Amino acid sequence: MRKKRVFWLGTHKVLTQTELPRLRALGYEVYNPPYLSDIYDQSAIYDWTPPDSSLPKEAQEILAKTNFFYDEIPQEAAEVLNTYFDAAIVTINALWLVRFLKAYHGSVIYRTYGQPSVLSNDLITLGGLSLVTERADFWFMPHSGKVAAIEDDWLRSRMMVVPYCVAQDVVDLRDTWAGGVSTPEIGLLCPRAMDISYYRDNYRLLKRSFPSEGYRIFGAQKVAVRDDQVIGTVERPEFLRRLAQMRGFAYHYEEPTVCYLPPIEYMTLGGPVLFKDGSLLSRYFPAGAPGRVGSIEDLVRRSEQLRNGDGSLAHDIIDSQTEVRKLYQPEHVWPLFDEAMMKTLGEPGENPASGPIRVPTPTGKAPTGETVLVAFHGFGPLVVHHNGEYHCAEGIARVVRQIIRALSDLGFKIVVTSRKDDIGRIRGFLAPAAGPDLKIMVIDDEMAGGGTAIDRLNRIASTRPFSANIDHLKTLYLARDFKRVPRALASTAVIGAFKALRRAQLRLTSVKLASDAAPHERYVDVINADAGIDHVLIPHYYMFPELSRLKGKNVVLYLPDYMPHFYKDSAEMGATQQTAMIGQKMVAKARRILTNSAFTASYLPQTVLAPRPETIAHIPLPFLNDGSSIAESLDRIGALPAHYVFYPTRNRPSKRLVDFAKTVAIVNERLKAAGSKDQLTGILTTPLTGKSAAGAEEHLISLSELTDAELGYLYKNALCLLFTSEMEGNFPTQITEALHLGVPVVATDIPLITLELGDASASLDLVDVGDCEGFADRVVSILADRPAAVRRQEDARALSSRKFAYDNFKRGLFELFRS
């Protein structure tokens, strides 16, 4: 029987000694091409020897003359790949992968060993997202799960973590380091010190920080460095000999997703390694590891201790390295490597990776279970990936995530709409709620390089309030970040132009709607023809006007509010003829209307949307946090003020944030008059300046794009929630979150709160709308005795925990979607 033939696209000096021969030892016939690129790579093998191969001679000749690394793969080479190879492994570079995926259609493993950038972003930019997501036999195989947090979920969903091994020449010298007879020198690392700016900066840092005597800089050099401190490019045996002579190794890099091999190799030899906090190497160790240092100055100081023969320090560091160096040793790596390769290189289709893209169910084929499609592509540009988490400042998006969680728990299959360049963010934001089986319906047909900047600006203009751009400019000005102001101004101007175009488009849409002609988008036809989609959830009444063309589906419209009913002349609050007409279409299309507020349910039938009362389902919202642990600190601003009030919200007229600022100013005036040294700070998620800051500008902090963990941290440490809004679409989620987390609530006395909480609302500190002196009275009282305020509000907290329980929410959705 013919051996399974695998194409291995790699050229790294270590990998050609480790993983390449290991694959052959597993019984695969592996072909690796020569490195023909004119792009210099200090890690590449240039003296290529043709591998043993059963390929026809003509096929071998074609492969041997093809530059697979940075050129587009020509047709004749692609034909050889697809004719003769069962699978392929592409290492390291995203560009190598994308060009290979365009040419080859079989099973592919993408094998990486740490990356300085976000690979999923690189793949999208290079046009590789669809190439990955639309094939079943693709695997992302990084060497450590610690490097994957920065990646989008669509790539992580194809992930299998497999460590990698140091070369055998290092293993043969394991634990041969002899500290007592070593040279009083410390090893450092900096390749390409003269010809790559990143490494040139690192070289300068090392020269500034470490004295020339006693410190030697390793690393291959393309351009010779006239510096006796630099060892430069040497043969492998000489490198290991020189490395073994060192009394220690100082690893000064801080990249959290890359770990160079020399410190690992030095650990294998048996010597002590010092490392900077924040690096991937540091992430392998516990917090108190003796080799960890916090600054370059500490690295120098500890290096001097080792260089001067501090045996106790060396011994402690070496003892601490046992578990970390094991991650790269053959007895740990090869069993895992062998298992992964035999699984993923099995028969085609035998172990398909879970793909995130929805494959429509043809008409006539019975669906496997009830499926809910959720229109979500309008929120895609607003989802942000930060600190390894996905978050969205748009409240409706967070509500929809909780609806998806409940429906998934009830056994529904979930499909969400997305544009191609938003798949990673949308999947990352929703997958924790929907689970790994979440499917994406891609609604745009073409995407070159991740979508054009114009396309993205157009989508942002259609979803993001213009005030958000103004807020961003204010934030940059307050932070004195003047370098970014010109770009922000240009972006604001462009988005302003797109918004003007958008208004014209909406006017045209209103004309079409008036003549009963809804906008035509092909994806709606796909939904209508998909026999596997039973229900469609539309999460906003005017963001998706094309969905008024849905046919044969059970449509649920999420309608938390209709603000134009109260702000009849405010375009900012949605009071336009166009949005009203779209809303009427959506209400007429919907089988049921979902709202979260008794107050909203009571007034909706009297609005111009005029839903029938019997179609409205009032289901109170639960706590919206996605379940993330509350952050232990908020590194982005350092230490928080001792006393602060908090209100996370967008700056809209109904929020009355000027009252928030006035209250902060009044409280500080009272504290100063009383001779107190305390001061109150107001923390918002939008900046306030000028008149809207009401004289409290120096005591206001704006924090945007908060993750759920950070949001929880800010709530938990706040003096209280200071809720100044005069009108909401539902029972305020901020109050639900504050009560859930045991935070005192000072709020306006409005029906949205009192109708939902009933008599228990009396236990909250409620104040008439606009009564800033009254707000200040409550805040000062809580400042004097916060625990008493927490106890005083126990009735509201207890009712909230019962009424807004997740199980109640889930039960309500069950009745809504199954009835």
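The residues lining the second largest pocket of this predicted model divide into 27 nonpolar, 12 polar and 8 charged; Ala, Val, Leu, Ile, Met, Phe, Trp, Tyr, Cys and Pro count as nonpolar, Asp, Glu, Lys and Arg as charged, and the others, Gly among them, as polar. The lining holds 47 residues, and His12, Asp41, Gln42, Ser43 and Tyr260 lie nearest the pocket centre. Two or more lining residues come from each of helix 4 (94-103), helix 5 (119-125), helix 9 (197-209), helix 10 (236-245) and helix 11 (261-269). Helix 11 gives the most, with 3 residues. The volume of this pocket is about 1700 Å³.

A pocket is an open set of points on a 1 Å grid over the protein atoms alone, where a 1.4 Å probe fits, with protein on both sides within 12 Å along at least five of seven lines; lining residues have an atom within 4 Å of a point. Grid points are joined across faces, edges and corners, and a volume is the space filled by probe spheres set on the points. Helices (H or I, at least four residues) and strands (E, at least two) are DSSP runs, numbered from the N terminus.

Residues are numbered from 1 along each chain as its sequence is written, and side-chain values use heavy atoms, with hydrogens and water left out. Local features need pLDDT of at least 70 and side-chain atom pairs count only at pLDDT 80 or more, whereas totals for chains, interfaces and linings use all residues.

Strand 18 (residues 592-595) is covered on both faces: Arg592 and Leu594 on one side, and Ile593 and Thr595 on the other, are buried (under 20% relative accessible area, 1.4 Å probe, protein chains only). Its pairings, and one further pairing, are tabulated below; two strands pair if DSSP finds at least two bridges between them.

| Strand 17 (residues 554-558) and strand 18 | 3 | Leu557 to Ile593 |

Strand 17, helix 23 (residues 577-589) and strand 18 make a right-handed β-α-β unit, as do strand 18, helix 24 (residues 598-603) and strand 19. Right-handed means that, with the strands pointing away from the viewer, the path from the first strand over the helix to the second runs clockwise.

An open sheet of 5 strands has the order 7-6-8-9-10, with parallel pairing. Strand 7 (215-218) and strand 10 (292-293) each have a single partner strand, so one side of each is left without a neighbour in the sheet.

Definitions and conventions:
Buried < 20%, exposed > 50% of the residue type's maximum accessible area, 1.4 Å probe, protein only.
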